[in-house]
Amino acid sequence: KLIAIVALLAKKLPLPVTVKLRTGFARCEPKELIALARGCEQAGAAALFVHGRTRNQGYSGDPDYQVIMEIKESVDIPVFGSGSVFSPELAKKMLDETGCDGVMVARGAFGHPWIFKEIEDYLKTGKLPKPVTLKEKIKVLKKHLAYLEKYSEARPTGKVGIMRKVALWYMKGFEGAAALRGRINSVQSYGEMLELVGGLTALTPANVKTFAPPLPEVEGVKNT
């Protein structure tokens with residue numbers, strides 16, 4: 001069914017059609033996945049995005065770089081690796097170990113949109129980025145909240161719920177975040193959220209070290 005859908009979309013749409021796959025459902029199934037990847041390519045898919053975990057794994061465990069590499073070697077269209085790209089080092093590890101054409105950043109960008117530029121610079125220079133400061137985080141968080149207020153089509157209560165979630169993303173990684181979580185979750189409006197976020201600039205340097213999200217332990221990569 002997937003291949004038939006890809007073929008129909010590729011025929012009817014003026015835009016490139018891409019497909020995102022996982023390594024299997026309950027277990028990793030390389031042969032079936034390779035056959036599916038080739039089928040998508042033949043049906044007209046312009047690129048594949050492969051998350052290195054099964055559906056049942058969700059986001060637990062390490063991504064399977066080997067399977068992503070096998071997919072890359074089995075097709076001629078671009079293949080992008082996905083799974084636990086939380087830092088420039090992990091992006092490079094994905095590229096080095098799979099030979100994929102690029103990486104897909106998902107959860108790694110939650111509350112840390114700087115990651116895309118950080119990866120680009122690291123791949124070019126080999127130098128790790130400086131930690132994002134509190135001032136920078138607050139500035140971008142305010143802009144993010146403003147976009148939600150202006151463009152989100154959710155109901156008012158739903159919109160505030162989204163804002164809470166976004167604010168919590170940005171607050172990860174510094175002392176006092178746990179205590180702040182309750183205050184964020186009690187906010188009832190956009191105005192209240194702005195007032196709370198604005199007050200964060202009064203935090204002392206001792207309470208703010210880095211806002212970089214905590215990284216999972218991955219074999220072969222040292223978290224810094």
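Predicted model: local features only at pLDDT ≥ 70, side-chain atom pairs only at ≥ 80, totals over all residues.
I then noted residues 202-224, where the pLDDT is below 50. In the model this stretch has 46 contacts beyond near neighbours in sequence.

*R53.* I located R53 in the loop that runs between β2 (47-51) and α3 (65-74). I looked up its burial and its charge partners: R53 is buried, yet has no salt bridge. The nearest side chain of opposite charge belongs to D62, and I recorded its distance as 5.6 Å. I also looked for polar atoms around the R53 side chain and found the backbone oxygen of S60 at 3.1 Å from one of its polar atoms. I listed the contacts of R53, leaving aside neighbours within four places in sequence. Among them are R22, T23, G58, Y59, S60, G61, D62 and P63; the list also includes G83, S84 and R107.

*F86.* I placed F86 in the loop between β3 (79-82) and α4 (88-98). F86 counts as buried because its relative accessible area is 15%, and the cut-off for buried is under 20%. I then checked F86 against F110, which is 24 residues away along the chain. Their C-alpha atoms are 9.6 Å apart.

*Cysteines.* I searched for disulfides and the count was zero. I next looked up the accessibility of two cysteines. C40 is buried, with a relative accessibility of 0%.

Note on methods:
Residues numbered from 1 in each chain as written. Heavy atoms only, no water. Helix = DSSP H or I, 4+ residues; strand = E, 2+ residues; numbered from the N terminus. Buried < 20%, exposed > 50% of the residue type's maximum accessible area, 1.4 Å probe, protein only. Lys, Arg positive; Asp, Glu negative; His and termini not counted. Salt bridge = Lys/Arg side-chain N within 4 Å of Asp/Glu carboxyl O. Polar contact = N/O pair within 3.5 Å; in protein donor to acceptor, adjacent residues only side chain to side chain. Contact = heavy atoms within 4.5 Å. pLDDT = per-residue confidence, 0-100. Disulfide = S-S within 2.5 Å.
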